[in-house]
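Please keep the sequence and the structure at hand while reading.

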Amino acid sequence: MRPLSPCWERWGPDSVSQHAPRGGARRHLAAPSGAWECGRGGMALFPAFAGVGAGAGAGVAAALAGDEGSRRELNWLSNPSFSTEEALKLHQRSIEDTNLTPERSPLIRSVSRSELSGGSDINEGLKKTTRKKKEKKKKHHHHRKKVKKKTREDSSFSESDSDAEYGKDRPVGGERNCERGASSLNLEGTALSNFQNSHFIWLDDIQALTTETFRIDKKQDPANWEYKSLYRGDIARYKRKGDSCLGIDLKKQCITWDNSTAKKKQSQKQPNRYFSKSSLQLLSTDGIPVHSKSQTSPSSPSSFIPVLQLESDAPSAPSGVNPLGIYDPMTTLWLQGKGPSDNEALQQQASQGTKDNVNSILMAKVEDYNKKVRENPRDVHAWMEFVSFQDELMRGSSPYSVNEGEQEVRRKSLKLILEKKLAILERAIESNPNIVDLKLAKLKLCTEFWEPSTLIKEWQKLVFLHPNNPGLWQKYLLFCQSQFSTFSVSKVHGLYGKCLSTLAAVQDGSMVSHPILPGTEETMLAIFLQQCHFLRQAGHSEKAVSLFQALIDFTFFKPDSVKGLPTRGQVEFFEPFWDSGEPRIGEKGAKGWKAWMHQQEKGGWIVVSKPDDDDEEDIDEDQEIKDKTLPKWEIWLDVEGSREARHWVPWRPDKTKKQTEEDCEDPERQVLSDDLGPSLIKLSNPDLQIQLLYSFLQFLGVPCGCSLFPSSLYVAMDENNIFDSGQLDERPLTSFYSSLAGVSSIGHMDTMIRRRQHIGHCKEGEEFIQNLFHVILPLFSGKEKINLSECWLLYEISKIIQCLQAKNKKKLKIQGKKSKRLAKNLLKASENRNNLSLWKLYAYLEWLLGNTDDARKVFDAALCMARTEGMRDSQLCNLSLLYAQLEVELLESLEGMAMSRAVHILTKLVESGPYVPYSGQALSMNILKARKIYEHALQDCLSITPISSQGQANSCSQMVSLVGCYALFQYLTVGIDAAVLIYKQISEKLKGLGLQKCERVGENLGIQNFATPLEAVTMMHTNLLQYHMKISVYPLNPLREVLTEALKLYPSNQALWQSYVQIQRKSHNASKARRFFHAVTRSTESLEPWLFAIQAEEMRKKLVENVQRANIGEIYSTIPETGLTNRIIALFDHAVQSENGAHCPLLWRMYLNFLVSLGNKERSKGVFYKAIQNCPWAKVLYMDAVEYLSDQLQEMLDLMTEKELRVRVPIEELELLLEV
């Protein structure tokens, strides 16, 4: 027979109750209706006799008198093999046996007709019951009988239960089985009627389960009066299957009684995701090595990979030694006293060998490194490689670990890795005590677990031991500058002065114990520039400008009488000049230190002329606050930014107005010699002297092609104008790029959101720049003077472009007059009359102002007066190229290109005769001649080997100009494919031969970082493709390929990155760009790939948001972008963890601005404090925080005051201004 279903074993008499009257008796349902399907297997052998009391015949008659469905279910009674007489005898005998048992508590039971009919299906189940189920059921009931024999009352139940189970567990078959079944059935019926004294009865003691088995509980339940409903534990948990009404159709209704608590617990346990702890542990475990068991000879390679039969993990067959089949084959052999066969032993050794293969490789590498550093302890490179190898060693399992637990601990222990690296570095330092790189690596490693005070002491010891190492000083200054806990502006400013004075002493030879190292003078200039940008970012603009003024005077206007003195002695002579009140560099009437000393030796004073009156008036202080109804934080930002823009020039008492030092309202605007003296250095190299001058011009916002040193570039980067495409969309061929984008000029300090459009400087600032050019231009002659004049004119052109972008027509008109006046004055000079570069810039200025005819006249005049050198003159090639590009940009389509002015200009360039202005279409014969001449000239230019560095620079410049003219000529006369072919051929040749030859031009000259020829050719190539895509239909892939190849070579080129981001914005699929950004960021230390990758994702996010806000509907599904916000935040987190990104104020400003745009104020505040931990000197970070966290204005001002950042408008002064 089938065992009782588990769903019935868990039901007791108190499990389910029906509604009873309030305070009255309750009637508990022991066997709910609808559960017979699962409990039918535990019924008596003859369900038809379940309700028979005295005679079985009446029970059979009642069963046979049922409905049609009941008759069909009781068809087994008409089976010829069934003996009714013997069944009745067995049933009568069981009734007599049960009458002998003592009476129990009354149990009312009524048998329904549906119960009789429902239990008639058991014959089928009885035939299919297996011996295995019987044995399991028998063991279960024997165990339960032992438990129930504890009390006397339970023992009586156990007797009846055992009697019932005796008949139930006997094997089915024959008359004996029928007798036992009938007796058990009779026993159940009698038990239900005679158990009168018991308060409850186990359902296991009742084998005939019926529909209505109840127990009357007459005890009152006060809870029914207290609560609105029954206790939820008394209500059965069930699940309806089907929609029929209960009790109408027994075949359709179905209720599943299940334990919902177990399912609830099971549903709460979610499957593990890939980022869960258990999954990460799986990823960190060692992989199983895979190898082929049958090694084939390499001489006979197979054409396919065979799939080998895997070993089965099924247990071995039972045997005498292994009766249960639980031992593996090796254990079975050991129990039999046998050993493995030779073949199995070889396989086991091979498996063990592959497991130890990884460990053996790691151990071999460890031994190799130990051998290297033992035999050659002076090999610093081997020591550093050994330190880096520890990361690889800890990623895998350690060959020295004993068990797997130890391997897991070692794999996860970061501190153990650091300690082991530290031990290796200490051994390396013992063998190489004078190698600074090893000590720097140790300090970088100790940053993870040393206190800041301990770390600072170790840095001080290292600097004390190596005071002549300029690179060490530079890293030490950056470390002190980025320590928020110990940072203050005066302290770091003093450290810069100490560093430069120490290196100056080493340079002079006064520090005998430490010789000067190569590159010291260049690094000293880099440290000086880093100090100036540090003061600018901290808000002390006057000190930064005064440092440049003093060093330029100290370098270019040094008296001959003091040149032989050491640096300290020269500074002592310079201090009286600085404090004398005489005009300094950039001020009106400045003559320089040398003229002042000469006048002092003669006696007398320099007469200062009165300043000229100007129509423009300065901004009145009372007009700083334009709208007093604005919030206080917004007014503070307006006034602070206004004073930053107007007060960056150091304040000097005006002797004509009889002013004294006490008349200065803000003492911080005065700079004394004590603040400058320690930072003054000697620059004997002419190239470094010129670089100092160009750096000052760049500092003031004059574009001159100069760039900062790579060590201090990203520390000074704080402006997000690197993403401004400028005129790239409107003028792809002649777009104007700033060489130092990302580093804001002096006086331009504003928040990320406000970003006011600054066009030049205030009146005082513009006068300062004009006076500076007037002073320094007479110091040079020849090419240097021409370059300075070009820088001045480029500055005027940049202001014109800013006016055009701002669409300020009034300012454009005023600025245009000033710029043209300056250009004409420069061209009037005798040395500049034949200078084609200045004529080119003047014509370009007229073109930007919209005077196209005047610009053409200037271009034609310049080409007519040019000498007859033709293409051999690089200036003439540049002039013709710009003229042709401007003419091409006027064309709106491909039609008429061959008849344009540009073809005429490029054709006349290669002709030997004088230039003739455009009068009509160029002849076809002249075009063919020009093409042949271009081709031969380019081959000659590539084959020339220059001797000097100056000749090398001229050769490279000429080649770049010639390539641009030839490619543009081919584009206009043949098509875009011909121009692209030229660029590809030249790029391949430059990569092979000329690249290394021409890449060192900027380094050898030491003036400006000229773009390499390959970089310049790539720029022209991309610009031409972008222009062609603007006016015509062209695939995007060629331009993308050119940019990706170029950016792999020049990952810090901002102009190329701008073009790449612009074209990727048009592509729907971002996966290629993301893979490219990821590859570039891993292969370079430049920060530009990170910045532009973030910018590309932000542009994509804005595009998605704009589309989703549009009321179109169907377009939503065309942009299936998800997770952009998390991707951008991940990019920020990775970027700020890099060495250059951690101390880049621009990156932190972008991160903070992005989080604020999401509305996450708390996280934005956390990122702000993290930013000032790494960049505590950047005032713009605090100004951004004032705008984002406007309710914390006082807290931010107190923090700035504590760190000695320049606050030009204290909160007390602001309140006074608001009261006026």
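## Helix α48 and its neighbours

The buried residues of α48 pack against α47 (1145–1157), α49 (1179–1188) and α50 (1193–1202). Helices (H or I, at least four residues) and strands (E, at least two) are DSSP runs, numbered from the N terminus. Buried means under 20% relative accessible area, exposed over 50%, and partly exposed in between, with a 1.4 Å probe and protein chains only. Contact means heavy atoms within 4.5 Å.

This is a predicted model, in which local features need pLDDT of at least 70 and side-chain atom pairs count only at pLDDT 80 or more, while totals for chains, interfaces and linings use all residues. Residues are numbered from 1 along each chain as its sequence is written, and side-chain values use heavy atoms, with hydrogens and water left out.

The buried positions in α48 are S1164, V1167, F1168, A1171 and I1172. Seen down the axis of α48, they fall within an arc of 135°, so they line one face of the helix. The arc is that of the directions from the helix axis to the C-beta atoms. Helix α48 (residues 1161–1174) has 14 residues, which should span 20 Å at 1.5 Å a residue, and its end C-alpha atoms are 20 Å apart, in agreement. The expected span of a helix is 1.5 Å times one less than its number of residues.

## N1053 and helix α43

N1053 sits in the loop between α42 (1037–1049) and α43 (1054–1064). Why does N1053 count as buried? Its relative accessibility is 10%. A polar atom of the N1053 side chain lies 3.0 Å from the backbone nitrogen of A1055, and a polar atom of that side chain also lies 3.0 Å from the backbone nitrogen of L1056. Leaving out residues up to four places away in sequence, N1053 touches E1015, M1019 and L1047.

## Helix α44

Helix α44 (residues 1071–1083) has 13 residues and reaches 19 Å from its first C-alpha to its last, close to the 18 Å expected at 1.5 Å a residue. Its buried residues are A1073, F1076, F1077, V1080 and T1081. They cover an arc of only 130° around the axis, which puts them on the same side of α44. R1075, R1082 and S1083, on the other side of α44, are exposed.

## Aromatic pairs

Across the whole structure, a search finds 37 aromatic pairs. Rings of Phe, Tyr and Trp (its six-membered ring) pair if their centres lie within 6.5 Å; planes under 30 degrees apart count as stacked, over 60 as edge-to-face and the rest as tilted. F487 and F534 form an edge-to-face pair, 6.3 Å centre to centre with 90° between the planes. F487 lies in the loop between α21 (470–481) and α22 (489–508) and F534 in helix α23 (residues 520–537), so the pair ties together parts that are 47 residues apart in sequence. F487 is buried at a relative accessible area of 3%, and F534 is buried at 1%.

W1057 and Y1060 also form an edge-to-face pair, 6.1 Å centre to centre with 85° between the planes. Both lie in helix α43, three residues apart, about one turn of the helix. W1057 and Y1060 are both buried. Elsewhere, F528, F548, W648, F696, F699 and F768 form one aromatic cluster.

## Residues with positive phi

Most residues other than glycine have a negative phi. K807 has a positive phi, near 55°. K807 is in the loop between α31 (783–806) and α32 (809–828), and is exposed at a relative accessible area of 73%.

E1204 also has a positive phi, near 65°. E1204 is in the loop between α50 and α51 (1211–1219), and counts as partly exposed at 33% relative accessibility.

## The whole protein

The protein has 51 helices and eight strands. Of its 1220 residues, 49% are buried. Among contacts with a separation of 6 or more, 70% join residues 24 or more positions apart.

Technical notes: Polar contact = N/O pair within 3.5 Å; in protein donor to acceptor, adjacent residues only side chain to side chain.
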